[in-house]
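Please look over this structure before reading on.

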Amino acid sequence: MIMRNKLLGLLAVPVLAVSLTGCGVNEVPTAEEAAKAKWADVQSAYQRRADLIPNLVKVAERYAQQEHDVLTEVTAARAKATSIQLNANDLNDPAKMAQFAEAQGQLGSSIGRLLVTMEAYPNLKSDQVFINLQSQLEGTENRINIARRDYNEAVRQYNTTIRTFPAMVAAKVIYNAKPMTPFEAKAGAENAPTVDFGKR
């Protein structure tokens, strides 16, 4: 009898493992970790942009002392954007995500104004260092867009996983999973920055 119980116990382990796999017990953390990894890519792209800005401002200062307000705005926006940090646990908090997106949007808008303003300086436009920085910033903005798109797709997959059967069972019972917040640009982010050269 004891031998029979041990044998049944040994047979039950693989059956239990297969049934748990079928319940999505592995799907939920896999999708969550994928979304967190994509968020790390977003943060990395934003950090790259923040790292380039001091160099861009320094080069611009050489040519455009009178554009102090624009340069100060970019520096202040960078400081604000880099002060707002999100960790993986904040990805379920829409308010924190909105705060992060707003700060990054303000920085992007400030950079746009700086680049447009600097176009008025022929010497700066032809300076190889400035051209290189401008090119790197454009490339960084592309990286940011791609990273945000990939993050949003990973969040969509995670949120779908925790809401569909059978993974929703594991999501609720085992993980107490909450939906993640996709990245959304602030309202008006699609509009190009405006620069009034008459104020100089």
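Predicted model: local features only at pLDDT ≥ 70, side-chain atom pairs only at ≥ 80, totals over all residues.

1. Start with a helix pair. Two packed helices are described by the angle between their axes and the distance between the axes. Helix 2 covers residues 27-63 and helix 6 covers residues 128-163. Their axes are 8 Å apart, and the packing angle is about 165°. Angles over 145 degrees count as roughly antiparallel, so helix 2 and helix 6 are roughly antiparallel to each other. The crossing of helix 2 and helix 6 is left-handed. By class, 22 nonpolar, four polar and ten charged residues make up the contact of helix 2 with helix 6.

2. Next, a buried serine. Ser-110 sits in helix 4, residues 94-118. Its relative accessible area is 3%. Buried means under 20%, so Ser-110 is buried. Setting aside neighbours within four places in sequence, Ser-110 contacts Glu-73, Val-74 and Ala-77.

3. Now the backbone. Most residues other than glycine have a negative phi, and most peptide bonds are trans. Check two places against that background.

4. The peptide bond between Phe-165 and Pro-166 is cis. Omega there is about 10°. Pro-166 belongs to the loop between helix 6 and helix 7 (167-173).

5. Asn-176 has a positive phi, near 50°, and is a residue other than glycine. Asn-176 lies in the segment after helix 7. Is Asn-176 buried or exposed? Its relative accessibility is 52%. Exposed means over 50%, so Asn-176 counts as exposed.

How values were computed: Residues numbered from 1 in each chain as written. Heavy atoms only, no water. Axes fitted to C-alpha atoms, helices over the stretch in contact; angles between N-to-C directions. Helix = DSSP H or I, 4+ residues; strand = E, 2+ residues; numbered from the N terminus. Parallel < 35°, antiparallel > 145°, perpendicular 65-115°, else oblique. Left-handed = near helix turned anticlockwise from the far one by under 90°. Nonpolar A, V, L, I, M, F, W, Y, C, P; charged D, E, K, R; others polar. Buried < 20%, exposed > 50% of the residue type's maximum accessible area, 1.4 Å probe, protein only. Contact = heavy atoms within 4.5 Å.
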